[in-house]
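Here is a briefing on one protein chain. Take a look at the sequence and the structure first, then read on.

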Amino acid sequence: MNNDVKNNMRAGQGKTLVLLASIIIAVVVIADQWLKIWIKTHFYFGEDMEIFSWFHLKFIENNGFAFGLEWFNKYVLTFGRIAAVILFIWALRKIVKELPGIGKGFLISFALIIAGAAGNIFDCVFYGEIFNNPYPPEVAQIFPVGGGYAGWFEGRVVDMLYFPLFSFHIPDSLPLIGGRDYEFFQYIFNIADAAITVGVLMILIFYRNHASEALNLLFGTSDSQSETEK
C-alpha cells in the first residue's frame, strides 16, 4: 500500500472521528441546555421534585466549578472555561489528525469533557442577561422586560440532578466527625458536570495509555512525537 493510499485512509478516519466527536459534543450541550432552560422556567429556586426516593430534580444555582464549588473570581472562572474549551478543541483536532489509531473510546471521553465544559459556559456568559431572578415561588422568565439579573459573563450555573442515595448518623462517640448527619450523594449537579466526570473517569480507568500517548504528542519533545508517529 503506497503512501498516498495510507494518507487518504488516515484523512478519512480523521474526518469520521471528528464527526463523531462533534455529534457527541452537540448532543450533550443541547441536552444540557434544554434541561437547564426547562428547570429555570418551570421550577422556582430551591424547588425539589422527587422522581424516586433516590433521585430528585432540585433547582439550585452556583457561581463556581462542578458540584457547586467556588474557587475563583467569576470572570476568571468564565474566561478560564472558554480558554480551556478552545485548548481542548485544538488538542482534539491535533490528536485526530496525527494519532488516527488512538481509538474511539478515548476520543469519546475527550469529547464528553469538552461538551461538559462548553455546556456550563453558556450559563456563565448568557444566563445573567436572558433570565430574571424572581423570589420563590415565582419562576424565572426568559428575555424579561426589565432585563436580566446580571451582566454578560456573570450568569450563574443551573444545577438540578440530585441523588440522595442514603443518609446516616455518626455516633457522638467518634472524635472530630461524630454527632453529625451525612448524606450520600449530597451534591447537586447538571448534565455538563456529569459529562466531565464520566469523561475523566473513562480516561483514568480505561484509557490512561492513550492519554499518555496524546500528552506526548501535545507536549512532548519532537523525538517523542516522531516515535509516536512511527
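I60 has D159 in β3 as its bridge partner. Strands β2 and β3 pair in the antiparallel sense, over five bridges. Two strands pair if DSSP finds at least two bridges between them. Helices (H or I, at least four residues) and strands (E, at least two) are DSSP runs, numbered from the N terminus.

This is a predicted model, in which local features need pLDDT of at least 70, side-chain atom pairs count only at pLDDT 80 or more, and totals for chains, interfaces and linings use all residues. Residues are numbered from 1 along each chain as its sequence is written, and side-chain values use heavy atoms, with hydrogens and water left out.

**The sheet**

- Four strands form an open sheet, in the order β1-β2-β3-β6, and the pairing is antiparallel.
- β1 (48-52) and β6 (188-189) stand at the edges with a single partner strand each, so one side of each has no neighbour in the sheet.
- β1 and β2 run antiparallel and are joined by four bridges.
- In this pair, M49 stands opposite L57 of β2.
- A hairpin of two residues connects β1 to β2.
- β3 (residues 157-162) also pairs with β6, antiparallel, over two bridges.
- L161 has F189 in β6 as its bridge partner.
- Y162 stands opposite I188 in β6.
- Buried means under 20% relative accessible area, exposed means over 50%, and partly exposed lies in between (1.4 Å probe, protein chains only).

**Salt bridges**

- Side chains of opposite charge can pair when their charged atoms come close.
- A salt bridge here is a side-chain nitrogen of Lys or Arg within 4 Å of a carboxyl oxygen of Asp or Glu.
- How many salt bridges does this rule give? The count comes to five.
- D32 bonds this way with K36: the salt bridge has its closest N and O atoms 2.8 Å apart.
- D32 and K36 are four residues apart in helix α1 (residues 3-42), which means about one helical turn separates them.
- D32 is buried, at 1% relative accessible area.
- K36 is buried as well, at 0% relative accessibility.
- E61 forms a salt bridge with K40, and their closest N and O atoms are 2.4 Å apart.
- E61 lies in strand β2 (residues 55-62) and K40 in helix α1, so this pair ties together parts that are 21 residues apart in sequence.
- E61 is buried, with a relative accessible area of 12%.
- K40 is buried, with a relative accessible area of 1%.
- E98 forms a salt bridge with K94, with the closest N and O atoms 2.9 Å apart.
- Both E98 and K94 lie in helix α2, four residues apart, or about one turn of the helix.
- Salt bridges that share partners join D32, K36 and D123 into one network.

**Helix packing**

- Two packed helices are described by the angle between their axes and the distance between the axes.
- Helix α2 (residues 74-98) packs on helix α5 (residues 208-219) at an angle of about 105°, with the axes 10 Å apart.
- That makes α2 roughly perpendicular to α5.
- Axes are lines fitted to C-alpha atoms, for helices over the stretch in contact, and angles run from 0 to 180 degrees between N-to-C directions.
- Angles of 65 to 115 degrees count as roughly perpendicular, under 35 as roughly parallel, over 145 as roughly antiparallel, and the rest as oblique.
- Which residues meet at this contact? W90, A91, K94, I95 and E98 of α2 meet A214, L217 and L218 of α5.
- Contact means heavy atoms within 4.5 Å.
- By class, the contact of α2 with α5 has six nonpolar, no polar and two charged residues.
- Ala, Val, Leu, Ile, Met, Phe, Trp, Tyr, Cys and Pro count as nonpolar, Asp, Glu, Lys and Arg as charged, and the others, Gly among them, as polar.

- T197 sits in helix α4 (residues 191-206).
- T197 is partly exposed, at 29% relative accessible area.
- The C-alpha atoms of T197 and L112 are 8.6 Å apart, while the two residues are 85 apart along the chain.

**The whole chain**

- The protein chain has six helices and six strands.
- Of its 230 residues, 37% count as buried.
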